[in-house]
Amino acid sequence: MEIFDYDNVLLLPRKCRVESRAECDAAVELGGRSFRIPVVPANMKTVVDESICTWLAQNGYFYVMHRFDLDNVQFVKNMKAKGIFASISLGVKKPDYETVDLLVAAGLAPDYITIDVAHGHADTVKNMIGYLKEKLPAAFVIAGNVGTPEAIIDLENWGADATKVGIGPGKVCITKLKTGFGTGGWQLSALKWCARVATKPIIADGGIREHGDIAKSIRFGATMIMIGSMLAGHEESPGQTVEVDGKLYKEYYGSASDFNKGEYRHVEGKRILEPIKGRLLDTLREMEEDVQSSISYAGGKRLMDIRKVNYVILGGDNAGEHLLM
Ligand SMILES: NC(=O)C1=CN([C@@H]2O[C@H](COP(=O)(O)OP(=O)(O)OC[C@H]3O[C@@H](n4cnc5c(N)ncnc54)[C@H](OP(=O)(O)O)[C@@H]3O)[C@@H](O)[C@H]2O)C=CC1
Ligand SMILES: Nc1nc2c(ncn2[C@@H]2O[C@H](COP(=O)(O)O)[C@@H](O)[C@H]2O)c(=O)[nH]1
């Protein structure tokens, strides 16, 4: 098996078929809706809040609200009142089942539900998917996180409509260090490995450090890419603002950090400070332009044309050119 990651793969250009990058369409379909870019901010407390989710939905972007210290029922009610799609996260514990029951009792149907746990290849996730399919059958269910083909096959067979790949590649993740497990350091090849067996969309989650990593994720099988650190640290970001030596930062912490949990138990995340990068909408616009550019380098006009390109692996045992034959 080839082992590589975002920083040692480059995609190879094909003859350009457009006169302007404006002709390249970065849009992607997920769960019956079209979104302007294949990017979703991570469902983390220092990345999204209700007002960012509202803005994203109203401006053509996908969003997934986090599931921490939040009344999910009220959130869905608020989104429905604004006439926008509701996309929530759930865990797999008793209160999460109670949330489903409350939503059903209130006649509220979220459009997207992401089952958001560390080790998604688990019977607890199987049971939650089954419960959601029984109680809220119209919801598009995203399940994760996982990092192997066996897990993709199981989650799809259990009824997930999409899967989320990435165990430990995140910037505030310490899973690799604490447990010795994960896809950190080889996330892109893990994605490729998973995509070979997937019959439903995959969301690549974690490890994106440059805009070009979005195109690389698409090339190796992602339909959507979840991004935390690069979309944290904006003026609108919910994290606390911190000043160090006259420079402004926003805090960004892991969902499994003691900062999120409120206690130091089963901690697999840390807290960092992200320099404030300006406005979120400007970063998202730049990402869209960069994905349009990627499509043009791929010799295409649509996002999935990126899947057709060859690539090279730089350095290491797997170095070389990889041609699509
Ligand atoms: N993508 C990633 O690499 C990771 C992401 N996270 C994020 O952190 C947040 C908290 O995750 P999580 O701790 O799962 O959520 P919860 O604290 O809600 O736990 C969910 C359930 O899974 C159990 N659980 C958690 N980890 C494992 C494991 N390794 N093996 C077996 N059971 C497990 C928990 O029980 P108990 O606590 O009693 O074991 C609990 O019953 C989520 O947002 C998740 O996405 C966390 C770690 C890795
Ligand atoms: N191992 C952990 N992973 C975490 C934690 N909190 C979030 N995450 C994952 O990271 C990505 C974002 O990655 P980034 O590289 O873009 O910053 C996020 O979507 C989660 O899957 C955590 O505490 N531990």
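Biologist: Which residues of strand β5 (residues 87–90) point one way, and which the other way?

Modeller: This is a predicted model, so read it as such. S87 and S89 point one way from β5, and I88 and L90 point the other way. For burial, count the other C-beta atoms within 10 Å: 20 or more means buried. By that test S87, I88, S89 and L90 are all buried.

Biologist: How many bridges join β5 to strand β6 (residues 112–116)?

Modeller: There are 4 bridges, and the two strands run parallel. Take one residue: the bridge partner of L90 in β6 is I115.

Biologist: What unit do β5, helix α3 (residues 94–105) and β6 make?

Modeller: To judge the hand, point the strands away from you. A clockwise path from the first strand over the helix to the second is right-handed. Here β5, α3 and β6 make a right-handed β-α-β unit.

Biologist: What is the strand order in the open sheet of 3 strands?

Modeller: The order is β11-β12-β13, with antiparallel pairing. β11 (241–244) and β13 (271–275) each have a single partner strand, so one side of each is left without a neighbour in the sheet. From one strand to the next, the twist averages 45 degrees.

Biologist: How many bridges pair β12 (residues 247–253) with β13?

Modeller: The antiparallel pairing spans 5 bridges. One example is Y253, whose bridge partner in β13 is R271.

Biologist: How many residues surround ligand 1, and which are the closest?

Modeller: The shell holds 20 residues, the closest being G91, V117, A118, S255 and A256. Sort the shell by class: 6 residues are nonpolar, 11 polar and 3 charged.

Definitions and conventions
Residues numbered from 1 in each chain as written. Chains lettered and ligands numbered in written order. Predicted model: local features only at pLDDT ≥ 70, side-chain atom pairs only at ≥ 80, totals over all residues. Pairing = 2+ DSSP bridges. Axes fitted to C-alpha atoms, helices over the stretch in contact; angles between N-to-C directions. Near = placed C-beta within 6 Å. Nonpolar A, V, L, I, M, F, W, Y, C, P; charged D, E, K, R; others polar. Buried ≥ 20, exposed ≤ 12 C-beta atoms within 10 Å, placed from the backbone.
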